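Student: I have not looked at this structure before. Could we go through it by question and answer?

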Amino acid sequence: MRQSQQLIPTLKENPADAETASHRLMLRAGLIRQVAAGLYTWLPLGLRVIRHIETIIREELNRSGAQEVLMPVVQPAELWQESGRWDKMGPEMLRMQDRHARDFCLGPTHEEVITDLFRREVHSYRQLPCNFYQIQTKFRDEIRPRFGVMRAREFTMKDGYSFHIDQASFDATYREMYDCYSRILTRMGLEFRAVEADTGNIGGANSHEFHVLADSGEDVIAYATHGDYAANLEKAEAAPPGPRPAPGRALDRVATPGIETIAEVAAFLGLEARACVKTLIVAGTDGPVALVLRGDHELNHVKAQHLAGVAVPLRFAEEAEVIRAVGCRPGSIGPVGLAVPLYVDRDAAALADFACGANTDGVHLIGVNWTRDLPLDPAQIVDLRNVVPGDPAPGGQGELAFLRGIEVGHIFQLGRVYSEPLAARVLDQNGRSVVPLMGCYGMGVTRLVAAVIEQNHDAAGIAWPPPVAPFDVHIIALNYGKSAAVRDAADDLHAALEARGLAVLLDDRDERPGVKFADADLIGIPERVTIGERGLADGTVEYRRRKDPDSVAIALDTIAAHIAGPR
């Protein structure tokens, strides 16, 4: 393919509004152009990358036994009303009406549509398990689209859904999808981690996220230094603390006028923050709920939302609500004598002789001990906090350390969250009507393009891994329009490489060598051949892999075999 005939509008300068390397380079290399906030046109170079990623995904999913379907982008409200999500989904879901005033949405996901297809077409256990997938446009009206295609409003996604008669069948498919996603990312040449994750508004039980490791990643991953444990920050937990020490001092009240924060309390009392507890009041389904943590720990909002009686989404009580419920302002709350339902983080529950608020403004308690000074039911002890680096990892797997990652895939154990309300049923081996179990498997196709670039770039531009690169080889023909020798050699090599099944971009433009080399580095095709009159006089061309620092001279009559041969 001739570069002079391709729309590859490269930019010399970094766009001012591009925050990440992938966003800058996708604009500069001519992969995308913005139409509106979070909406992009994919240009030929970028679309070729998408198609290569889709091919890898399709090959691995077909290998796993999944069947490809294609569902509509526009979905009727009735299906979402059946599942109960029409009112639960916030402004992220774009709603609309047709000419008959019937409600529809632009699909942010397709659980309802696939379950509707299943209940209409699958009726017997003999047809199970079945696993369907699609590669399709999604729309989510992000409040703040950013980072280019990393957090766009319209994007391409692979979403898949499986149905099962029993847990054993589901477990086998879930494991196969876990392995399938691992194969996909490995084939793309990416360094990644699969981590335990929260299920979010999709619902269901267990789930795993697949993260491409990158310093620019929005997500924090906690992993064990001596084991395979890994989870995102929302889900991660440390090993449980050891047994609580016996009480060592008497309970006492201390005046703390004007002192409210943990840092102030600890300094005033001459204690470490870890020897204090903080009590947070949040909204509950039947009134306020108290959450108690060690002073040096931070509340994990996702974990808190999963607690029985805590309102979703999590909301901290206003000061007036706190005063009505407790009798003091927020800076003086403590668990002793608190007449509010209480959850205690397990690290806070392992403390002895701790300090806390006395539920009286300007007063704190010291020498507080569980059981002796206030009751603590084991059912009240939960994991509430964010982990921190250095925490002991679960299962004796060393310590927890942190990495940053870009989430590109997520697999869920949905159970019957959708099949039950949508009345999807099949006959089992005994002729009974049963509700099948479901799984859900998503992978961001357009987001993967950005993730690949975040992990594969340098100061000069993109450095594509060969499996997803828009072209295999970039021929740089110097003085192509004026030198017959260069033109003939470039055309012949172009034809020879394409005959060997390689995708080749021939830079036949009337541009200076510096412009051609800069564009080649920016575009980042894995292998480059430079043809010029000086080298041809010696019967050689310059060959360079994009990630190598230097070029090497190779004989013109062997370069095609060198590129197409085994590595």
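Student: How many bridges join β29 to strand β30?

Tutor: This is a predicted model. In it, β29 and β30 (residues 552-555) run antiparallel. A hairpin of six residues links the two strands. Within the pair, Y543 stands opposite V552, and T540 stands opposite A555. The number of bridges joining β29 to β30 is four.

Student: Which residue in β29 is the bridge partner of R528?

Tutor: Strand β28 covers residues 527-531 and β29 covers residues 540-545. These two strands run antiparallel and are joined by four bridges. The partner of R528 in β29 is R544.

Student: Which residue follows α12, with a positive phi?

Tutor: Helix α12 spans residues 513-523. Its buried residues are V515, K516, D519, A520, D521, L522 and I523. The residue after the helix has a phi near 80°, and it is G524.

Student: Why is helix α1 largely enclosed by the rest of the structure?

Tutor: Helix α1 covers residues 21-28. A21, S22, H23, L25, M26, L27 and R28 are its buried residues. Their cover includes β1 (32-36), β2 (39-42), α10 (445-455), β24 (457-458), β25 (461-462) and α12.

Student: Which residue with a positive phi follows α1?

Tutor: The phi in question is near 75°. The residue is G30.

Student: Which strands are the edge strands of the open sheet of three strands?

Tutor: The order is β4-β6-β5, with antiparallel pairing. Each edge strand pairs on one side only. Neighbouring strands here are turned by 40° against each other on average, direction ignored. The edge strands are β4 (74-76) and β5 (95-97).

Student: Which residue in β6 does V74 stand opposite?

Tutor: β4 and strand β6 (residues 103-106) run antiparallel. Three bridges join them. V74 stands opposite L106.

Student: What percentage of the residues of the protein chain count as buried?

Tutor: The chain has 14 helices and 30 strands. Its C-alpha atoms fill a box of roughly 95 × 65 × 50 Å along the principal axes. A residue counts as buried if its relative accessible area is under 20%. Of the 567 residues, the buried share is 52%.

Student: How far apart are the mean positions of the positive and negative charges?

Tutor: The protein chain carries 60 positive and 77 negative charges. The distance between their mean positions is 2 Å.

Methods:
Residues numbered from 1 in each chain as written. Predicted model: local features only at pLDDT ≥ 70, side-chain atom pairs only at ≥ 80, totals over all residues. Heavy atoms only, no water. Buried < 20%, exposed > 50% of the residue type's maximum accessible area, 1.4 Å probe, protein only. Lys, Arg positive; Asp, Glu negative; His and termini not counted. Charge placed at Lys NZ, Arg CZ, Asp CG, Glu CD. Pairing = 2+ DSSP bridges. Axes fitted to C-alpha atoms, helices over the stretch in contact; angles between N-to-C directions. Contact = heavy atoms within 4.5 Å.
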